[in-house]
Amino acid sequence: MVVSPKIAPSMLSSDFANLAAEANRMIDLGANWLHMDIMDGHFVPNLTIGAPVIESLRKHTNAYLDCHLMVTNPMDYVEHMAKAGASGFTFHVEVAKENWQQLVQKIKSAGMRPAVALKPGTPVELVYPLVEGTTPVEMVLVMTVEPGFGGQKFMPNMMDKVRALRHKYPTLDIQVDGGLGPSTIDTAAAAGANCIVAGSSVFGAPEPGDVISLLRTSVEKAQPTT
Ligand SMILES: O=C(CO)[C@@H](O)[C@H](O)COP(=O)(O)O
């Protein structure tokens, strides 16, 4: 195994009125992480949750809270998210071109794991300096839909980015998010993705645990054996 699978149900598709129960249900069913979508209604045309909800959820779970910040000013969120109990902090490269080094440093100093995301229209080369920097990000999130909403169609042409990243960085955590489920996971896993975010395919399934284990098996099967 070169990189371990991390299956992260996207809590955006959960019943927000029962968030703690939904989160614990996912962990009991075998999820590694809980994916939390933070949106500001500006970077993306939708508003979801922020630090107060992360803080409330943290009181009910010790799980890794993988927070994806779809916001225009990620720097303003670092302190609040860390205090709230976020585990990972993923910011968008499109809004961190100038100050990414300072941002990554701040995320790390606050005790969170830094990661960078890129939208479908953003060239993958833009994140290379962030992976190779002196204070590098520890995961790259390749968006496989336009960020903002769950339930969209997986964009298979994003796999060129995943393949390029896996070729350059054999042990990097590479995450995919958007339209992942039983019919698309093999494509993403074969390209080299090991961190899988899935919302509607997990929460909409009669047996979400079966989907979580199918996603994991697909990633494991795609790994080269050493
Ligand atoms: O960040 C996003 C959308 O912006 C995602 O995390 C979605 O919530 C994934 O949902 P599905 O495409 O799996 O339904």
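Helix H6 (residues 159-168) lies across strands S6 and S7, and H6 runs at about 170 degrees to S7. Axes here are lines fitted to C-alpha atoms, for helices over the stretch in contact, and angles run from 0 to 180 degrees between N-to-C directions. Contact between two residues means that their C-beta atoms, placed from the backbone, lie within 7 Å. Helices (H or I, at least four residues) and strands (E, at least two) are DSSP runs, numbered from the N terminus.

A word on the source: this is a predicted model, in which local features need pLDDT of at least 70, side-chain atom pairs count only at pLDDT 80 or more, and totals for chains, interfaces and linings use all residues. Residues are numbered from 1 along each chain as its sequence is written.

**Around S6 and S7**

Strand S6 (residues 139-143) pairs with strand S7 (residues 173-177) in the parallel sense over five bridges; pairing requires that DSSP finds at least two bridges between two strands. On the other pairing, strand S5 (residues 113-118) joins S6, again parallel, over three bridges. The chain goes from S6 through H6 to S7 in a right-handed β-α-β crossover, where right-handed means that, with the strands pointing away from the viewer, the path from the first strand over the helix to the second runs clockwise.

Here are some bridge partners in this part of the sheet:

| Residue | Bridge partner | Strand of the partner |
|---|---|---|
| valine 116 | valine 140 | S6 |
| valine 140 | isoleucine 174 | S7 |
| leucine 141 | glutamine 175 | S7 |

S6 is mostly covered, with five of its five residues buried. A residue is buried if 20 or more other C-beta atoms lie within 10 Å of its own, exposed if 12 or fewer, and partly exposed in between, with C-beta atoms placed from the backbone. Met139, Leu141 and Met143 point one way from S6, while Val140 and Val142 point the other way.

Aspartate 173 belongs to S7. This residue counts as partly exposed because it has 19 C-beta neighbours inside 10 Å. Leaving aside neighbours within four places in sequence, aspartate 173 is in contact with Val3, Glu138, Met139, Asn194 and Cys195. Its C-alpha atom lies 9.4 Å from that of glycine 192, a residue 19 places away in sequence.

Stepping back, the open sheet has eight strands in the order S1-S8-S7-S6-S5-S4-S3-S2, with parallel pairing. Strand S1 (6-9) and S2 are the edge strands, each pairing on one side only. Direction ignored, neighbouring strands of this sheet are turned by 20 degrees against each other on average.

**Around the ligand**

Of the 22 residues around the ligand, Ser10, Leu12, Gly150, Gly199 and Ser200 come nearest; a residue belongs here if its C-beta atom, placed from the backbone, lies within 6 Å of the molecule. Strand S2 (33-39), strand S8 (195-198) and helix H8 (200-203) each supply at least two residues of this shell.
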